[in-house]
Amino acid sequence: MWFSRGKNGTADAKDKFIAAVDAEVQEIHADKKREARFMKEQIERRHELRKSREAGILDMAKALEKRGIATSEIVATIADMQSISQAEAQKYYDRLVVTG
C-alpha cells in the first residue's frame, strides 16, 4: 500500500479517507465474488485504455503518413510522443500498413 500502516496492519487512522478506502478494500477481499467482479472490471478498464491509446497512435501515424512524412520519421515521432521504444513504435506503424 502507498500509505503507512499501524502495528496491527490497519491503515493509519489519522486520515479518515485512507481509513475508509482501506476498509472498502478489506471488504472487497473478504467477499470473493465481489473481488472477482472488481478484478474483471479492472481488466476491462485496462483493455479499453489500451485500445484507446492504440487508436490514438494509429490515428497519429495515419495523419503523418498523409502529410508525406517518411516512415522513419513517423516511427521516431510515435516513439517520442508515446515514450516507447523505436521497436514498439515500429510495431504500431507496421499494423497501420497492414490494416490501412
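Tutor: Buried means under 20% relative accessible area, exposed over 50%, and partly exposed in between (1.4 Å probe, protein chains only). This is a predicted model, in which local features need pLDDT of at least 70, side-chain atom pairs count only at pLDDT 80 or more, and totals for chains, interfaces and linings use all residues. Residues are numbered from 1 along each chain as its sequence is written, and side-chain values use heavy atoms, with hydrogens and water left out.

The part in view is helix α2, residues 32-66. Helices (H or I, at least four residues) and strands (E, at least two) are DSSP runs, numbered from the N terminus. The 35 residues of α2 should span 51 Å at 1.5 Å a residue, and its end C-alpha atoms are 51 Å apart, which agrees; the expected span is 1.5 Å times one less than the number of residues.

At the N-terminal end, Asp31 caps α2, with a side-chain oxygen 3.2 Å from the backbone nitrogen of Lys33. Just after α2, Gly68 takes a positive phi of about 80°.

The structure holds five salt bridges, a salt bridge being a side-chain nitrogen of Lys or Arg within 4 Å of a carboxyl oxygen of Asp or Glu. One of them joins the side chains of Glu35 and Lys32 at 3.2 Å, N to O. Both residues lie in α2, three residues apart, about one turn of the helix. An α-helix has 3.6 residues a turn, so residues three or four places apart point the same way. Lys32 is exposed, with a relative accessible area of 57%, whereas Glu35 is buried at 18%.

Glu54 is buried at 19% relative accessible area, while Arg95 is partly exposed at 36%.

Elsewhere among the charged residues, Glu24, Glu27 and Arg34 are linked in a network of salt bridges. As for the buried positions of α2, they include Glu35 and Glu54 together with Ile57, Leu58, Met60, Ala61 and Leu64.

How values were computed
Polar contact = N/O pair within 3.5 Å; in protein donor to acceptor, adjacent residues only side chain to side chain.
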